[in-house]
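I set out to look up charged side chains and their pairings. My entries follow the structure.

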Amino acid sequence: MRRNKQEWFGNIKGDLLAGIVVCMALIPEAIGFSIVAGVDPMMGVYASFCISLITSIFGGRPGLISAAAGATALVLAGLVRTHGIEYMLAATILTGIIQVILGYLKIGNLMKFIPKPVMVGFVNALGILMLQSQITHFKGGVELLVLGAIGVAIIYLFPKLNKTIPSPIIAIITITVIVSVFNIDVKTLGDMGEITSELPKFLIPSVPFNMETLKIVLPYSISVALVGIVESLLTAQLVDDLTDTTSDKNRECVGQGLANITAGFFGGIAGCGMIGQTIINNSYGGRGRLSTLTAGCAMLISIIVLNKFVVIIPVVALASVMVVVSITTFNWNSLNRMIKVPKSDSVVMICTVIVVLFTHNLAYGVVVGIILSAISFAAKISEICIKKQDINGHIKYIVTGQLFFASTLKFVNSFDYNESSSNIDIDFSNVKIWDESAVDAIDKVVIKFYKNGVNVNLIGLSENCSDLIERMAIHDKPGGLDVVAGH
């Protein structure tokens, strides 16, 4: 009870102000992603409200901002083009159901397998992508560059005068006033699509409830569910690192699922955790669940109640906020650390960034980064050492390291199979035997010695390693491990 109270009311002022700032950044994103998906702009607004409301209550990471997102919109765009909006709503609901199931199956526990270099590359790529996405809003004339510069300057300088009011709000209001007073012709939020004052309504997708419909929506739902979970959990992990706190990743999966189910029934598109907006929330003091709730509610209220004002906000004003966020998102310290950390870590980080920038898909970058990290780790631990001792004619080989598929070749090639002695020992006291390849390699060594008339004693095996060899070794070939003493 105390923790729940702290998560909701432990930072009321900071959460409310940060939520309002995030609201300003959510509006163009929700509208823009709706256009990407090929649906009415208000569907993105409804989705963002529903998702923010539900994740603030059921999510596992306080301070995480979830809403209609570009990653999910891109996947659903194909379904909208081929089968229409109703099927998209059905797919959104099914997406939520899949995510709830995955949450109960503890898929969030897999986050521990994402290495630090991948996380750093993920964050750096995000900062670059955010900056790239805003450049287009400054094209079209010198006045856009001037307005953008004014916005960035206000965001950086206003806190020196007053830290009570978030500087992005001041920047947005100032640029809007300048554009209105001087009648400057720039793109506004109203130009991005029709923005109405209608509240979301409960509805059931008008699709046939049969196997044919399931065949249509299931592939899209699985893709959106996985993409949404990856981005949401990475965002949660990022907030964990920024705030030095922990979160319940499995609960976050369930929360995201419930949010998408709700969004689908209220005419919204699927969404997930939004890294850029979450960083904005964190940067301006948002720490609790109230900040997430405020962001979604303030956005809907802004659209419904302040419709006439919202539609005249210049897009460049919001772009200036995102530029500052992208600059602060990039982990500049990672550039200095590249000469200090192992080269393999730097390679993983850089490759993660490159893949994300080329594919514009954060999930792809993470997958590639994890694979490279796994390969690097396997290469590092595959170093196995074999030392030969000759004590008064008694030959003993001492093996040290990890014996698995990546180290078997060196293991097999490290012995002198033409020993003059008729009996040798191989000491495995400092070896961990991992897989079938390792057992097969030991089998090969014993057989090679046997063919040259040398008997092999395997000594120092742990009980687990001995059991593994006993189960998997070749027992029907001359010289197999079953004929070797010293098990």
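**Notebook: charged pairs**

I began with R289, which is buried, its relative accessible area being 2%. I note that the model is a predicted one. For the partner of R289, I found a salt bridge to the side chain of E7, at 2.8 Å from N to O. R289 lies in helix α12 (residues 289–304) and E7 in helix α1 (residues 2–9), so I record a link between distant parts of the chain, 282 residues apart. E7 counts as buried because its relative accessibility of 13% falls under 20%.

Next I looked up D240, which forms a salt bridge with R61; their closest N and O atoms are 2.6 Å apart. D240 belongs to helix α9 (residues 211–243) and R61 to the loop between α3 (41–58) and β1 (66–68), so this pair ties together parts 179 residues apart in sequence. I found both D240 and R61 to be buried.

E383 sits in the loop between α17 (362–381) and β3, and K410 in helix α18 (residues 408–412). E383 is exposed at 53% relative accessible area, whereas K410 is partly exposed at 41%.

I counted eight salt bridges in total.

Finally, I examined K388 in strand β3 (residues 385–391). K388 is partly exposed at 44%, and its side chain makes a polar contact of 2.9 Å with that of E419.

Key: Residues are numbered from 1 along each chain as its sequence is written. This is a predicted model: local features need pLDDT of at least 70, side-chain atom pairs count only at pLDDT 80 or more; totals for chains, interfaces and linings use all residues. Side-chain values use heavy atoms; hydrogens and water are left out. Helices (H or I, at least four residues) and strands (E, at least two) are DSSP runs, numbered from the N terminus. Buried means under 20% relative accessible area, exposed over 50%, partly exposed in between (1.4 Å probe, protein chains only). A polar contact is a pair of N or O atoms within 3.5 Å; within protein, one must be able to donate a hydrogen and the other to accept it, and residues adjacent in sequence count only if both atoms are side-chain atoms. A salt bridge is a side-chain nitrogen of Lys or Arg within 4 Å of a carboxyl oxygen of Asp or Glu.
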